[in-house]
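Open the model in your viewer and keep the selection tool at hand. This tour tells you what to pick at each stop.

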Amino acid sequence: MANPRGFLDFKRVDLKKIAPLERIKSYKEFAFLNDKKTQQEQASRCMDCGVAFCQTGVLEQGRDIGCPLKNLIPEWNDNIYKSEWQQAYERLSLTNPFPEFTGRVCPAPCEDSCVCAINTQSVTIKNNELAIIENAFEQKWVRTNTPKTYNGKKVAIVGSGPAGLACANELNSLGYKVVVFERSDRIGGLLMYGIPDMKLEKKVIERRVKLMKQSGVEFRVKENIDSKAKANKILKEFDAVVLATGASKAIDLDIEGRGLQGVMFAVDFLTQNTKTLLDTGKGGTLAQDKDVLIIGSGDTSVDCVAVATRQGAKSITRFERSPKKPLKRVSDNPWPLKADIFTTDYGLEEAIAKYNQDPRKYQKMTKKFIGKNGKLEGVLAVDLKQVKENGRLVNIEIPNSEKFYKADLVLLAIGFSGCENEIKENFAIELNSKNNIKERNFQSSREKVFACGDARIGQSLVVWAIKDGVECALEVHRSLFNLYS
Ligand SMILES: Cc1cc2nc3c(=O)[nH]c(=O)nc-3n(C[C@H](O)[C@H](O)[C@H](O)COP(=O)(O)OP(=O)(O)OC[C@H]3O[C@@H](n4cnc5c(N)ncnc54)[C@H](O)[C@@H]3O)c2cc1C
Ligand code: SF4
């Protein structure tokens, strides 16, 4: 156990952050680790509870309890407290192959399930994780994991997001020759072209990919496995194929005016910005001087607000269908479930600082896109209210509440509806009712073809994708060597 009085003696100290008005001048990361002494004090707040809910890693009522990777959190908190940084890194590496990603972008369900969070602030688990891995890189403890011998089998992985990377990393260390096929020009999936630099600078991904290459993983970019012929070719060439292709089919808003210039998917907007930034050193300009309306309320919408703010949007509005969330947990969202409460994430904080108003407008439903000469000019939207129908809360329109909202760029961030359809035809596999790859123990309906990450579980989180990738690799290994009991 760390310091038995730690949680009494020390208050939670978060990462040091650059102020919103300053950080919006660039796309650089804006949160930095504290010095080692402060981080040790923070780790000392961990009580090493008898039952440590932070590492439970289960889904209950569709919400996380604890870390999906089952990170050995109390153990490495104790290591940090005792200044045993190398042991902390070794412990963390047992469960998480990429703590530098989760330490930056994970929404940290572990912290909502921390016992301290019942009546005070949780332990800074995510920041401690980041401190361990960044210190390990600095000390050069993070090394290649080239297998001592190869087992003679080859696996192709289609898709290089966190699931594909985790699967490749695990299979490589088990002695497989692994080739990752990626249709994009850069490795990383949504880590690269989705999550913006402010949350995850792309050099962090490149640092890991370099290590994986040195360990023996082969990466082939601009390789789209987009036809039956290409799918059959890799099926012939490799002992197994893992589909880690994500759940990139964005949900559309099929209403009047959808074809107008100025209505686009949020992910396309974010991708365009990151690609321009990486290729030219400067971000995109799609939102510059525009009235931007973002439809949707998840992580993607927050990233859009952050990027539009940096691009110099004239105004930013965000429509949500739901009412404002409660400030505290309500009775059907008890500890240790992930808390479903009102928060103001980084992009919203920045927009409030720049535009002096909160971009969030609640209980709005867009009915029509309006424009002239093919160009968007705004939207017609109505107000919603929640009523109980057969015991369930449903949104209904408030009559005569229709109003025009000016907008010359609308970004659709209303979620994803599973895999792209082509994957089904090209690999001759089945999808389930949610449009994800149908599987049993990661094995798809076709022999030799496996699935992991968002392609298997639907749009999720980086931490779940990593967990899925590792577990899929172990299943491929069991299957190819017939290790089933
Ligand atoms: C904008 C945005 C922000 C997000 N922010 C967060 C966050 O802050 N924290 C968090 O935990 N999660 C976040 N998520 C969710 C998270 O990014 C995903 O759950 C995660 O990346 C899924 O990993 P994956 O490897 O399964 O798929 P992906 O990351 O989607 O990777 C799939 C890869 O497969 C490639 N591919 C697809 N088809 C083919 C083909 N036929 N041939 C070759 N390559 C192919 C794609 O190009 C892509 O690179 C965010 C998602 C979005 C959209
Ligand atoms: S991966 Fe996420 S849930 Fe797990 S310890 Fe890290 S921040 Fe917490």
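Start with two helices. In α13, select Val302, Asp303, Val305, Ala306, Ala308, Thr309 and Arg310; they meet Tyr346, Gly347, Leu348, Glu350, Ala351, Lys354 and Tyr355 in α14. Contact here means heavy atoms within 4.5 Å. Helices (H or I, at least four residues) and strands (E, at least two) are DSSP runs, numbered from the N terminus. The residues of this contact divide into 8 nonpolar, 2 polar and 4 charged. Ala, Val, Leu, Ile, Met, Phe, Trp, Tyr, Cys and Pro count as nonpolar; Asp, Glu, Lys and Arg count as charged; the others, Gly among them, count as polar.

Before moving on, note that this is a predicted model, where local features need pLDDT of at least 70, side-chain atom pairs count only at pLDDT 80 or more, and totals for chains, interfaces and linings use all residues. Residues are numbered from 1 along each chain as its sequence is written, chains are lettered from A and ligands numbered from 1 in the order in which they are written, and side-chain values use heavy atoms, with hydrogens and water left out.

Stay on the helix pair. At what angle do α13 and α14 pack? The angle is about 35°, and the axes are 7 Å apart. Axes are lines fitted to C-alpha atoms, for helices over the stretch in contact, and angles run from 0 to 180 degrees between N-to-C directions. The crossing is left-handed: the near helix is turned anticlockwise from the far one by less than a right angle.

Next, select ligand 1. It is surrounded by 35 residues, and the closest are Val105, Glu182, Lys199, Asp454 and Val462. A residue counts if one of its heavy atoms lies within 4 Å. α13 returns here, giving the most to this shell with 3 residues. By class, the shell has 16 nonpolar, 12 polar and 7 charged residues.

Zoom in on the polar contacts (pairs of N or O atoms within 3.5 Å). A polar backbone atom of Asp454 is 2.8 Å from a ligand 1 oxygen. For Ser460, the distance from a polar backbone atom to a ligand 1 oxygen is 3.2 Å. The protein buries 95% of the 1,000 Å² that ligand 1 exposes when taken alone. Those areas come from the Shrake-Rupley method with a 1.4 Å probe.

Now select ligand 2. Its shell holds 13 residues, the closest being Cys67, Asn71, Cys106, Cys110 and Glu129. Two or more residues each come from α7 (109–112) and α8 (125–138). The largest share, 3 residues, is from α8.

Finish with two backbone stops. Pro336 sits in the loop between β11 (315–319) and α14. The peptide bond from Trp335 to Pro336 is cis, with omega near 10°. Last, pick Asp48, whose phi is near 45°.

How values were computed
A polar contact is a pair of N or O atoms within 3.5 Å; within protein, one must be able to donate a hydrogen and the other to accept it, and residues adjacent in sequence count only if both atoms are side-chain atoms.
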